[in-house]
Amino acid sequence: MPESINNVAHYKGTAVMEFIELFELDFKIGNAVKYLSRAGRKHTGDAGILEDLKKAQWYLNRSIALREAAIAGGNAVDQNTHSTGDGKGTSKRAKVRRHVRVRTRNSGVRG
């Protein structure tokens with residue numbers, strides 16, 4: 001792979017990726033960790049830091065909303081598939097996704 005893919009300046013080494021993999025973080029939480037770790041490195045200054053912090057917040061809000069919806073429905077969230085595992089198939093998952101979209105839209109934060 002090209003060096004521009006393997007060695008990106010704002011990702012100081014592989015520590016963040018190793019952390020995400022070590023703790024088996026799901027996509028949303030892993031992305032939040034990524035944006036927090038690079039805050040101020042890709043885009044400098046307060047505006048750049050704020051942009052990365054808002055992106056991290058956006059992913060955390062989606063993860064929180066998904067878990068809140070699962071708790072409200074009495075189901076646990078599967079860390080890897082984000083499925084509620086209720087055995088009801090798509091209808092329950094679609095309901096959870098709708099709840100997540102509404103909650104995230106209302107938060108005013110975009111990724």
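From the N terminus on, the elements run α-α-α-α-α. That is five helices and zero strands in the protein chain. Helices here are DSSP runs of H or I with at least four residues, strands are runs of E with at least two, and both are numbered from the N terminus.

Ground rules. This is a predicted model: local features need pLDDT of at least 70, side-chain atom pairs count only at pLDDT 80 or more, and totals for chains, interfaces and linings use all residues. Residues are numbered from 1 along each chain as its sequence is written, and side-chain values use heavy atoms, with hydrogens and water left out.

Now the pair. H3 covers residues 27-38, H4 residues 45-72. Their axes, lines fitted to C-alpha atoms over the stretch in contact, come within 8 Å and cross at roughly 160°; angles run from 0 to 180 degrees between N-to-C directions. So H3 is roughly antiparallel to H4, a label for angles over 145 degrees.

Who touches whom? On the H3 side, Phe27, Ile29, Tyr35 and Leu36 are among the residues in contact, meaning heavy atoms within 4.5 Å. H4 answers with residues including Leu53, Tyr59, Leu60 and Arg67. The contact residues divide into nine nonpolar, two polar and six charged.

Last, the whole chain. Of its 111 residues, 28% are buried, which is under 20% relative accessible area with a 1.4 Å probe, protein chains only. Among contacts between residues at least 6 apart in sequence, 49% join residues at least 24 apart.

Terms used. Angles under 35 degrees count as roughly parallel, over 145 as roughly antiparallel, 65 to 115 as roughly perpendicular and the rest as oblique. Ala, Val, Leu, Ile, Met, Phe, Trp, Tyr, Cys and Pro count as nonpolar, Asp, Glu, Lys and Arg as charged, and the others, Gly among them, as polar. Buried means under 20% relative accessible area, exposed over 50%, partly exposed in between (1.4 Å probe, protein chains only).
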